[in-house]
Amino acid sequence: MNIQLFQGAGSLQLRVSVLLALSLASCTEVKPKNIPAPTPGVPVVNQEARDYAQYTDLIWSDEFGDGTLDLTKWAYEQGGGGWGNNELENYTTSPDNVFLAGGNLVIQANRQQSGGNAYTSGRLVTKGKQSFQYGRIDVRAKVPKGKGVWPAIWMLGSDIDQNNWPVCGEIDIMELRGSKPREMLSTMHYGTSSADHRFKGTTQTLATDLSDNFHIFSVVRSRDQMRFFLDGQQYYTFTSGDASPYPFNNPFFVILNVAVGGNFDGNPDATTTFPQQMQVDYVRYYQYK
């Protein structure tokens with residue numbers, strides 16, 4: 001805008017009047033509302049990958065030393081419908097199947113008729129109690145063996161009720177075919193629908209039966225990466241380049257169970273003895289500071 005210069009007497013008063021008018025006009029202009037500036041992306045806690053030993057801040061744990069199962073941390077899953085794998089057990093809340101002894105959680109599979117199922121066992125989850133995202137999870141446990149016995153330490157996406165399996169993702173930290181006690185499996189399941197189920201993982205062949213001693217089974221989850229450890233030794237890495245879609249950056253919950261029979265290792269035979277126990281010394285979730 002050009003402003004004309006006024007000459008002669010009274011020009012000062014006129015100039016003041018013009019400037020005042022312009023000022024008032026500017027004050028009555030419709031101005032855009034204040035729009036907050038976008039909030040910069042805040043990194044999720046522990047999303048950066050660090051060395052195994054740097055995860056020292058204990059965030060959550062169960063040491064199973066109280067004599068009774070802590071139901072603020074765990075929930076029972078029950079049922080005997082085969083669980084999608086033609087399994088033979090009925091999961092119960094019975095102390096015959098889940099109990100604490102000697103400072104350990106014991107999940108015990110029995111040859112015991114329960115409804116239409118010839119076996120009973122236990123299955124515990126942290127669903128609705130505790131979810132885990134980035135950080136390190138350690139489970140110190142001793143697993144059983146025997147044809148048709150299927151111990152597992154694993155995780156499912158906490159959004160499973162909104163995004164059904166395998167869309168929510170599944171992390172099998174440790175699975176064992178009881179007939180092959182020296183082969184430990186770690187597998188990730190994913191996909192866009194049940195018809196699009198995909199999986200990828202690794203099988204570790206060990207020098208001795210996994211059932212011989214307690215071991216620490218660990219997964220370290222970082223953004224777009226998961227690393228798997230047995231007794232502190234890394235044996236597998238899984239990244240976002242291994243799966244598309246990649247649901248494994250989301251919160252997950254923990255599952256501990258002993259299945260019997262089904263597609264994974266077949267059904268028990270005459271060589272399989274019962275009861276079979278998975279003993280869990282602790283479950284711990286660490287982050288770095």
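In this predicted model, Phe228 and Tyr236 are both buried.

In total, 15 aromatic pairs are present in the structure. One of them joins Trp60 and Phe132, whose ring centres are separated by 5.2 Å; the planes meet at 75 degrees, so this pair is edge-to-face. The two partners are 72 residues apart and connect distant parts of the chain: Trp60 belongs to strand E1 (residues 57-62), whereas Phe132 lies in the loop between strand E7 (123-125) and strand E8 (135-142). Trp60 has a relative accessibility of 11% and hence counts as buried; Phe132, at 1%, is likewise buried. Both residues belong to one aromatic cluster, together with Phe64, Trp74 and Tyr285.

Charged groups also sit over aromatic rings. The charged end of Arg123 is placed over the ring of Trp83, at 4.2 Å from the ring centre.

The largest pocket has a volume of about 680 Å³. Its lining comprises 30 residues, of which Asn85, Trp150, Trp154, Trp165 and Glu170 are the closest to the pocket centre. Two or more lining residues come from each of strand E9 (149-157), strand E10 (170-176), strand E11 (183-190), strand E12 (198-205) and strand E16 (252-260). By class, the lining of this pocket consists of 14 nonpolar, nine charged and seven polar residues.

Methods
Residues numbered from 1 in each chain as written. Predicted model: local features only at pLDDT ≥ 70, side-chain atom pairs only at ≥ 80, totals over all residues. Heavy atoms only, no water. 1 Å grid on protein atoms, 1.4 Å probe; cavity = no way out; pocket = protein on both sides within 12 Å on 5 of 7 lines; lining within 4 Å. Points joined across faces, edges and corners; volume = space filled by probe spheres on them. Helix = DSSP H or I, 4+ residues; strand = E, 2+ residues; numbered from the N terminus. Nonpolar A, V, L, I, M, F, W, Y, C, P; charged D, E, K, R; others polar. Phe/Tyr/Trp six-rings, centres within 6.5 Å; stacked < 30°, edge-to-face > 60°. Buried < 20%, exposed > 50% of the residue type's maximum accessible area, 1.4 Å probe, protein only. Lys NZ or Arg CZ within 6 Å of the ring centre and 35° of its normal.
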